[in-house]
Amino acid sequence: SVIQIKDSNDESKAIESVKTFVISERLSEGLRDIIIPQLQFDEPVDNKGLMIIGNYGTGKSHLLSVISSLAEYSEISRNLQNKDMVESCKKIDGKFIVLRLELGSVTQNLRNILCSELEKFLKLHNISYQFPTTNIANNKQSLEDMMIKFQEKFPEQGLLLVLDELLDYLISREDLVLINDLQFFRELGEFCKSSKFRFIAGLQSSLFDDP
């Protein structure tokens with residue numbers, strides 16, 4: 001069946017997602033050597049945003065569900081089929097509050113979509129924050145202000161934003177607005193280095209066939 005990443009907002013479904021995911025040797029190396037080191041925040045590294053790239057039907061959304069579940073739910077890694085991965089996963093085990101989003105073919109610009117969703121998400125956790133809409137030199141200061149509010153409520157945890165089906169959104173964008181969207185992605189990715197904010201996007205590989 002088709003995996004929807006939002007299903008993992010339910011812990012019982014997240015456990016099932018982790019239980020049923022088959023981790024190849026190559027994928028376990030990617031998790032251990034790239035994904036987990038980039039997500040963790042206990043050891044300083046040059047953290048960046050992450051992209052999970054794969055064609056439709058290759059398990060990309062399932063992988064995003066597994067990664068976000070390992071980050072959100074403490075000790076869920078015990079359900080992994082690959083028991084060698086359990087120890088590595090302790091670095092992100094339950095360390096994050098996770099916002100999962102799927103983007104479709106919509107006309108609203110990316111900054112507005114994500115800022116609105118982040119505001120609603122924070123409100124659900126009794127955190128009041130609104131992103132500024134005018135007099136903005138860059139978005140990193142706004143993200144930093146958001147994370148200050150977040151850390152006041154969750155000082156020990158990070159905030160993980162997971163986006164899936166990003167290609168459906170990008171192919172609907174015209175040239176100028178697409179450039180603005182990609183610039184915002186760059187700022188999100190760069191902001192990971194200086195905070196406990198983390199960002200993962202799921203993309204179909206056919207993106208790279210498009211000029």
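## The sheet

Four strands form an open sheet with parallel pairing, in the order E1-E4-E3-E2. Strands are DSSP E runs of at least two residues, helices H or I runs of at least four, numbered from the N terminus. Two strands pair if DSSP finds at least two bridges between them. Strand E1 (50–53) and strand E2 (96–102) are the edges, each pairing on one side only. Neighbouring strands are turned by 15° on average, direction ignored.

This is a predicted model: local features need pLDDT of at least 70, side-chain atom pairs count only at pLDDT 80 or more, and totals for chains, interfaces and linings use all residues. Numbering starts from 1 along each chain as its sequence is written, and side-chain values use heavy atoms, without hydrogens and water.

## E2 and E3

E2 and strand E3 (residues 158–164) run parallel, joined by seven bridges. Phenylalanine 96 has glycine 158 of E3 as its bridge partner.

## Helices on the sheet

Helix H2 (residues 25–39) lies across E1, E2, E3 and strand E4 (197–203). H2 runs at about 140° to E1. Angles run from 0 to 180 degrees between N-to-C directions; axes are lines fitted to C-alpha atoms, for helices over the stretch in contact. Contact means heavy atoms within 4.5 Å. Helix H3 (residues 60–72) also packs on the sheet and touches E1, E2, E3 and E4. Its direction makes about 170° with that of E3.

## H5 against H8

Helix H5 (residues 110–124) packs on helix H8 (residues 175–191) at about 45°, with axes 8 Å apart. H5 contributes Leu110, Arg111, Leu114 and Cys115; H8 contributes Asp181, Phe184, Phe185 and Leu188.
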